[in-house]
Amino acid sequence: MGATTVKINSEFNPNYLLSLVVPTYNEGKNIIPLIEALVEILDRVIADRYELIVVDDDSPDRTWEIAQSLQENYPQLQVLRRTEERGLATAVIRGWQAAQGEILGVIDGDLQHPPETLIDIYSAVSKGADLAVASRYIHGASVGSWSGIRQFLSRGAVSLALWILPEIASRLSDPMSGYFLVRRSAIVDCELSPIGYKILLEVMGRGQIDRVAEIPYTFLERQEGSSKVTWRQYEQFIRHLIRLRFATGRGSVGTIGRFLRFGIVGLSGVFVDFLVLWLASQMLGFSITAAKTDLGQLEIFISKIAAVEIAIINNFIWNDLWTFRDASIKQSGFKFRLLRFLRFNLACTIGALINISLFIGLVKLGMSLLLANLIAIVISTAWNYLINLKFNWRTS
Ligand code: GDD
Ligand code: MN
């Protein structure tokens with residue numbers, strides 16, 4: 001799981017219009033009625049020109065074996081039994097890799113997705129949509145009789161997706177749907193790397209999807225077996241959203257957001273600087289509040305340099321992990337990090353020199369200390385920011 005990326009073959013067999021994947025885990029009681037229903041429906045519209053692919057993760061209830069027993073009567077049925085890999089999203093992709101059809105699709109194996117809806121989904125794609133999704137949240141649809149908590153979690157997941165991936169999730173009323181068809185050509189050239197359950201987000205995020213269609217349906221009650229959703233899936237879902245956001249280049253913060261982060265980090269540096277100076281005064285026995293301190297005292301000079309340097313280290317860490325995260329994850333080795341740190345240090349040192357000389361110069365020109373200091377701080381901060389943006393983290 002995790003980092004594996006997979007590509008979908010661009011070649012297909014023109015005799016096959018549709019390849020529909022049915023991921024299963026312990027669906028022994030559902031698989032026969034589902035396959036029968038799908039065959040009955042698809043035979044009406046595209047008889048002999050489709051295939052069904054059951055991808056089973058070595059279910060303890062031997063779903064794979066039950067599915068295989070159907071193959072005698074249904075030559076259009078393939079059964080993949082996976083023993084190495086697990087997980088819904090990877091099962092779907094593995095199924096698509098084995099698929100021959102021009103249109104690829106997925107339907108749950110537990111009869112919660114009404115098979116009849118497939119006709120409308122299919123016709124939407126054959127009329128030109130790149131992606132057609134069965135939705136529980138458009139007019140005419142329903143989530144069925146869900147408990148309050150499940151409705152809440154489902155809505156919460158949609159809101160989260162909208163928040164983290166607005167451009168992608170807002171194109172669908174039900175971005176969590178696991179019932180959809182997609183044109184093969186729309187996803188051939190992209191690296192799919194699914195984690196967890198939400199293969200549709202992966203397809204939307206990485207595919208070339210221009211036209212989207214939505215078809216209403218009612219999510220049916222599960223009659224047999226049980227849902228495989230656990231808390232782990234929620235955690236994986238969030239990781240998936242964040243990863244997709246970066247992968248699709250939408251992870252970059254806006255210019256204002258980044259500058260704000262830089263400013264916040266800078267403020268934390270001021271705090272660190274004071275803290276170090278105060279700690280040093282406690283240890284070395286000088287006062288930070290006394291008037292007329294003798295600046296020639298070596299321990300004060302060294303303490304101040306240490307305070308600045310530690311503040312720079314602090315700022316570097318937060319800028320690398322937060323302000324410029326999108327750039328630093330692209331060059332993550334220790335060597336690169338060290339190099340960035342050295343450049344940051346140099347830029348900040350020059351920034352400090354600019355700060356001090358501007359301050360002195362403006363005061364000599366007759367400006368008040370307050371105004372001179374403010375201008376010096378603003379300009380040196382802008383310098384630090386721009387130099388690091390352009391030459392260190394190189395975000396654009
Ligand atoms: N091969 C394989 N491997 N199949 C799996 C696995 C797995 O690890 N986990 C679940 N499945 C299969 C189930 O057997 C079922 O056919 C289908 O995937 C959906 O799993 P459920 O556990 O029934 O999920 P659900 O009903 O809670 O979720 C449905 O709604 C979600 C939206 O809320 C599904 O339609 C999801 O795809 C959808 O995202
Ligand atoms: Mn289900």
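This is a predicted model: local features need pLDDT of at least 70, side-chain atom pairs count only at pLDDT 80 or more; totals for chains, interfaces and linings use all residues.
**Exercise 1. Check the length of helix H9, then find which of its residues are buried.**

Step 1. Start with the ends of the helix. Helix H9 covers residues 231-247, which makes 17 residues.

Step 2. Now look for the buried side. Gln233, Gln236, Phe237, His240, Leu241 and Leu244 are the buried residues of H9. Looking down the axis of H9, you find these buried residues within an arc of 145°, so they line one face of the helix.

Step 3. Ask what lies over them. The cover of the buried residues of H9 includes helix H5 (148-164) and helix H8 (199-206).

**Exercise 2. Decide whether Leu18 is buried or exposed, and list what it touches.**

Step 1. Find Leu18 in strand S1, which spans residues 18-24.

Step 2. The cut-off for a buried residue is under 20% relative accessible area. Leu18 has a relative accessible area of 0%, so Leu18 is buried.

Step 3. Leave aside the neighbours within four places in sequence. Leu18 is then in contact with Leu42, Ile46, Arg49, Tyr50, Glu51, Gly101, Ile103, Tyr122 and Leu181.

Step 4. Pick one of these partners, Ile46. Leu18 and Ile46 are 28 residues apart along the chain, yet 8.5 Å separates their C-alpha atoms.

**Exercise 3. Work out which strands pair with S6, and which way the side chains of S6 point.**

Step 1. Strand S4 (residues 103-106) is joined to S6 by four bridges, and the two run antiparallel. Gly105 has Leu181 as its bridge partner in S6.

Step 2. Strand S5 (residues 131-135) also pairs with S6 in the antiparallel sense, over three bridges. For Ala132, the bridge partner in S6 is Leu181.

Step 3. Turn to the side chains of S6 (residues 180-183). Phe180 and Val182 point one way, Leu181 and Arg183 point the other way, and all are buried.

**Exercise 4. Describe the largest pocket and the largest cavity.**

Step 1. The largest pocket holds about 1,500 Å³ of space. It is lined by 43 residues, and those closest to its centre are Asp273, Lys304, Val308, Ala352 and Asn355.

Step 2. Sort the lining by element. Those giving two or more residues are helix H10 (255-284), helix H11 (298-323), helix H13 (334-364) and helix H14 (369-392). H10 gives the most, with 13 residues.

Step 3. Now search the whole structure for cavities: one of 30 Å³ or more is found. The largest cavity has a volume of about 30 Å³, and its lining consists of Thr4, Val6, Glu85, Thr90, Ile93, Arg94 and Pro194.

Technical notes: Residues are numbered from 1 along each chain as its sequence is written. Chains are lettered from A and ligands numbered from 1 in the order in which they are written. Side-chain values use heavy atoms; hydrogens and water are left out. The expected span of a helix is 1.5 Å times one less than its number of residues. Buried means under 20% relative accessible area, exposed over 50%, partly exposed in between (1.4 Å probe, protein chains only). The arc is that of the directions from the helix axis to the C-beta atoms. Contact means heavy atoms within 4.5 Å. Two strands pair if DSSP finds at least two bridges between them. On a 1 Å grid over the protein atoms alone, a cavity is a set of points where a 1.4 Å probe fits but cannot get out, and a pocket is an open set with protein on both sides within 12 Å along at least five of seven lines; lining residues have an atom within 4 Å of a point. Grid points are joined across faces, edges and corners, and a volume is the space filled by probe spheres set on the points.
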